[in-house]
Amino acid sequence: MAIQSEDCIIHMSAELVHIPVPLNRQVCQQIYVNLSGTRAAYDSIDASNPAMIRLYSRRGRAESAALFFPDRLLLVEEWCDIPLSTFEEKLRVILPKVGEMRKAGPMLVNAATIRSTFSLGAHEDARVFLLERVCGLADRIQPHFQRPLVTGGLRFVLPETSEHDGVLHISIESFRHSNNEIFVEVKGIFGKRQIPWDAPEAVIQNFRAVRKFITGNIYPFLAQFSMPVES
């Protein structure tokens, strides 16, 4: 059994929390117009919900969206067809424009979320790998639950420390869309300092820290269990 070192990013999102301001439809429409012609352009705008205004684009099953709420901006890439570097460029374009036009004050908290999948061998079952090999639960689940298991896995929360910014919420599960893939989600919540909207690099660095944790920490953690067991 071997776990592939190259994972596939399927979701990226930035949640940027600020002091509440009124949700102004005209302002969001102007942001939509100002983004046209940039690498952060969206195809459509939906202002039918009084509690949220959404800019979005769809490309097959992939979707890009910017969701405006009174107290936050949520930027989402679902079923990603772009790399992290392109998402970083979107952040560089969108954040200064939002800060200038919504006048919401600095970002108080920002959350960086990345979801990706690691592939096992072609005929390996991720549920067996995680629950039996990693957790050592072979024959200890079914006698008690007595139902088929769709997904299973592990959850961790790592606190912020003097050496590491941000609280990390980690999920490692079997992927319900593919039997031989492991689903990983890392959500980093960063609130130690306020970030001006014209300083997107600070948000980008948080994304890079989350990405580095997946490749540099979670992959080695999983890979240790894919090595042959010594008799």
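In the predicted model, arginine 54 lies over the face of tyrosine 56, at 4.0 Å from the ring centre. Tryptophan 79 belongs to the loop that runs between strand S5 (72-78) and helix H2 (84-102). The backbone of tryptophan 79 has a phi near 50°, which is a positive value in a residue other than glycine. With a relative accessibility of 23%, tryptophan 79 counts as partly exposed.

The chain as a whole contains 5 helices and 9 strands. Read from the N terminus, its elements follow the order β-α-β-β-β-β-α-β-α-α-β-β-β-α. Along the principal axes, the C-alpha atoms fill a box of roughly 65 × 40 × 30 Å. The chain has 231 residues, of which 43% count as buried. Among contacts with a separation of 6 or more, 66% are made by residues 24 or more positions apart.

Helix H1 spans residues 25-35, and its buried residues are Val27, Cys28, Ile31 and Leu35. Viewed down the axis of H1, these buried residues fall within an arc of 95°, and they therefore line one face of the helix. In an α-helix there are 3.6 residues a turn, so residues three or four places apart point the same way. The cover over the buried residues of H1 includes strand S2 (44-46), strand S3 (53-59), strand S4 (62-69) and helix H2. On this face, cysteine 28 has a relative accessible area of 0%. At the start of H1, a side-chain oxygen of asparagine 24 comes within 2.9 Å of the backbone nitrogen of glutamine 26. Beyond the helix, H1 is followed by glycine 37, which has a positive phi, near 85°.

A positive phi is also found at glutamine 146, where the value is about 60° although the residue is not a glycine. Glutamine 146 is placed in the loop between helix H4 (142-145) and strand S7 (153-158). Its relative accessibility of 60% classes glutamine 146 as exposed.

The whole structure holds 5 aromatic pairs. In one of these, phenylalanine 87 and phenylalanine 207 have ring centres 5.3 Å apart and ring planes at 75°, so the pair is edge-to-face. This pair links distant parts of the chain, since phenylalanine 87 is in helix H2 and phenylalanine 207 is in helix H5, 120 residues apart. Phenylalanine 87 is buried, at a relative accessible area of 1%, and phenylalanine 207 likewise counts as buried at 1% relative accessibility. In another pair, the rings of phenylalanine 175 and phenylalanine 183 have centres 6.1 Å apart and planes at 10°, so this pair is stacked. Both partners are buried: phenylalanine 175 has a relative accessible area of 11%, and phenylalanine 183 has a relative accessibility of 14%. Ring pairs also link Phe156, Phe221 and Phe225 into a cluster.

Helix H5 (residues 200-223) also contains asparagine 206. This asparagine counts as buried, at 10% relative accessibility. Residues up to four places away in sequence being left aside, asparagine 206 touches Asn110, Ala112, Phe190 and Ile195.

The cysteines were considered last. A disulfide is a covalent bond between the sulfur atoms of two cysteines. The number of disulfides in the model comes to 0 under a cut-off of 2.5 Å between cysteine sulfur atoms. Cysteine 80 illustrates this result: the closest cysteine sulfur to its own is that of cysteine 8, at 8.2 Å, which is too far for a bond. Cysteine 80 counts as buried, with a relative accessibility of 17%.

Methods. Residues numbered from 1 in each chain as written. Predicted model: local features only at pLDDT ≥ 70, side-chain atom pairs only at ≥ 80, totals over all residues. Heavy atoms only, no water. Helix = DSSP H or I, 4+ residues; strand = E, 2+ residues; numbered from the N terminus. Buried < 20%, exposed > 50% of the residue type's maximum accessible area, 1.4 Å probe, protein only. Contact = heavy atoms within 4.5 Å. Arc of directions from axis to C-beta. Polar contact = N/O pair within 3.5 Å; in protein donor to acceptor, adjacent residues only side chain to side chain. Phe/Tyr/Trp six-rings, centres within 6.5 Å; stacked < 30°, edge-to-face > 60°. Lys NZ or Arg CZ within 6 Å of the ring centre and 35° of its normal.
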